[in-house]
Amino acid sequence: MDVGGTTIAAGLVAADGRVLEQDQAPTHARGLGTALATIEELLDRLSDRARARGVVVTGVGVGVPGTVDAERGAVGVDVHYAPELAGVPLAERLGRRLSGAPVFVDNDVNALALAEWTWGAGRGARSLVVLALGTGVGAGILLDGRLHRGHGGFGGELGHVPIDFDGPPCICGGRGCLKSYVSGTDIAARATARLGRPVSAAEVFRLAAAGDRTADETVAEICRALGAGLAVVVNGLNPELIVLTGSVAKSLRPLEARLRASLAGYAFAQALATTRLVILAQDKDATVRGGAALVRYEMERRAA
Ligand SMILES: [Zn+2]
């Protein structure tokens with residue numbers, strides 16, 4: 001299951017990563033503050049469909065857009081897109097609805113990184129960083145075949161790495177965060193102010209491609225900011241692979257050369273030469289495969 005700020009997606013995923021069933025619901029289908037009820041309803045629906053198919057559910061994995069105490073399966077306090085989940089012991093709550101199948105909860109992009117590593121673009125990589133550029137900016141870090149959650153479990157928040165120490169205030173309480181320049185929400189807000197009319201992030205990229213100079217200035221700024229943010233990853237971790245995904249990544253695909261040129265201006269050449277960068281077109285299946293990859297990873301890890 002993937003809990004997003006607007007949609008919760010759930011799927012029945014086979015051990016080889018095939019998505020057998022998919023379902024989704026608006027996160028606040030029953031009004032603001034009701035994400036938990038929506039999660040439980042989707043879980044019940046998918047459990048029924050599994051029974052109807054004669055499929056045994058071996059585990060449930062949930063990705064949440066914020067910080068998570070993955071050992072306890074409890075949501076942390078920084079969960080800006082579904083604040084009602086803050087502090088909820090989600091694994092325990094959902095476990096009560098299931099007959100014995102374990103429930104694992106993690107940050108949504110950690111789950112997505114595991115899916116890319118298990119079945120997707122990061123297969124076989126020893127180290128991998130996934131940056132998801134959408135409504136917000138999330139990251140998942142895999143080092144030497146292990147998910148790097150940080151000492152307290154709250155690491156991996158590369159969207160909130162400051163790239164401008166005097167920059168604008170961020171929802172996280174910091175300033176000049178990478179997210180403030182490259183998330184879909186922030187791109188739309190900046191371009192709306194500059195163009196004097198409401199535009200979406202995807203429109204900004206379309207306008208720039210069509211020759212609009214103001215839109216292109218915003219795109220140039222996105223490439224510079226993301227180049228600086230990716231240099232933090234390249235210089236700090238020098239992973240085998242960086243994967244960019246999400247709606248903004250999709251818009252950046254035609255601008256790959258520009259983004260690489262920007263990154264080259266900030267990163268060490270030898271580190272950059274040994275880190276591969278892949279920009280994915282969004283894959284809807286990938287969101288529900290994240291939870292499944294989390295189940296697989298955690299069952300193996302905890303058995304070891
Ligand atoms: Zn921030």
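Five strands form an open sheet in the order β10-β9-β8-β11-β12, with mixed pairing; strands here are DSSP runs (E, at least two residues) and helices are DSSP runs (H or I, at least four residues), numbered from the N terminus, and two strands pair if DSSP finds at least two bridges between them. The edges are taken by β10 and β12 (276–279), each with a single partner strand, so one side of each is left without a neighbour in the sheet. The model is a predicted one, in which local features need pLDDT of at least 70 and side-chain atom pairs count only at pLDDT 80 or more, while totals for chains, interfaces and linings use all residues. Residues are numbered from 1 along each chain as its sequence is written, and side-chain values use heavy atoms, with hydrogens and water left out.

Strand β8 (residues 128–133) pairs with β11 (residues 241–245) in the parallel sense over 5 bridges, and Leu 131 has Leu 244 of β11 as its bridge partner. With β9, in contrast, β8 pairs in the antiparallel sense over 6 bridges; a hairpin of 3 residues joins β8 to β9, and Ala 132 stands opposite Gly 138 in β9.

Strand β9 (residues 137–143) is mostly covered, as 6 of its 7 residues are buried, where buried means under 20% relative accessible area, exposed over 50%, and partly exposed in between (1.4 Å probe, protein chains only). The pairing of β9 with β10 is antiparallel over 2 bridges, and Leu 147 in β10 is the bridge partner of Leu 142. The hairpin of β9 and β10 has 2 residues between the strands, and Asp 144 takes a positive phi near 50° there.

The zinc site comes next. His 160 (ND1), Cys 170 (SG), Cys 172 (SG) and Cys 177 (SG) coordinate the zinc ion at 2.0 to 2.3 Å; donors are N, O and S atoms within 2.8 Å of the metal (3.2 Å for Na, K and Ca), and since water is not among the atoms, sites may look incomplete. Along the chain, the donors follow the spacing H-x9-C-x1-C-x4-C. His 160 and Cys 172 both lie in the loop between β10 (146–147) and α4 (179–182), so the pair ties together parts that are 12 residues apart in sequence. His 160 is partly exposed, with a relative accessible area of 22%, and Cys 172 is partly exposed at 35%.
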